[in-house]
Amino acid sequence: MKSPTLVGGTRAARRAQQSNRKSKEPRLGYRISEWSEMTGTSRQTTWRAIRNGTLKTITYAGITLVPDSERVRLGFAEPQPIT
């Protein structure tokens, strides 16, 4: 019996396409892989920072997210004014 072929490639590729289609507005949080890509660090380095307590995370529905406030706190972005 053949296994079904995924249309559109791997799950990671489909997720990347979805994030590219959305607007570039600030988000509430980023997955570990997204955070690593955005900051230019490896996933291992990101997890090490989480374990050491230098990077704060939240868990939502079993998914570890780095809040957008960490992006601002660590200097990767300017704070957005509230309108």
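Reader: What makes the pairing of aspartate 68 and arginine 71 a salt bridge?

Author: This is a predicted model. In it, the N to O distance between the two side chains is 2.7 Å. The cut-off is 4 Å, so aspartate 68 and arginine 71 qualify as a salt bridge.

Reader: Where do aspartate 68 and arginine 71 sit in helix α4?

Author: They are 3 residues apart in α4, which spans residues 68-73, and so about one helical turn separates them. Aspartate 68 and arginine 71 are both buried.

Reader: How many salt bridges does the rule give?

Author: The count is 2. Glutamate 70 and arginine 73 also meet in a salt bridge, at 2.7 Å from N to O. These two are 3 residues apart in helix α4, so about one helical turn lies between them.

Reader: Why is glutamate 70 called buried?

Author: Its relative accessibility is 2%. Buried means under 20%, so glutamate 70 counts as buried.

Reader: And why is arginine 73 called partly exposed?

Author: Arginine 73 has 46% relative accessibility. Exposed starts over 50% and buried lies under 20%. The value falls in between, so arginine 73 is partly exposed.

Reader: Which residues form the largest nonpolar core?

Author: There are 7: Tyr30, Ile32, Trp35, Ala49, Ile50, Leu55 and Val66. Helices α2 (32-39) and α3 (43-52) each supply at least two residues of this core.

Reader: What does isoleucine 32 contact, beyond its neighbours within four places in sequence?

Author: Isoleucine 32 is in contact with Thr46, Trp47, Ile50, Thr64 and Val66.

Technical notes. Residues numbered from 1 in each chain as written. Predicted model: local features only at pLDDT ≥ 70, side-chain atom pairs only at ≥ 80, totals over all residues. Heavy atoms only, no water. Core = buried A, V, L, I, M, F, W, Y, C linked by side-chain atoms within 4.5 Å. Buried < 20%, exposed > 50% of the residue type's maximum accessible area, 1.4 Å probe, protein only. Helix = DSSP H or I, 4+ residues; strand = E, 2+ residues; numbered from the N terminus. Contact = heavy atoms within 4.5 Å.
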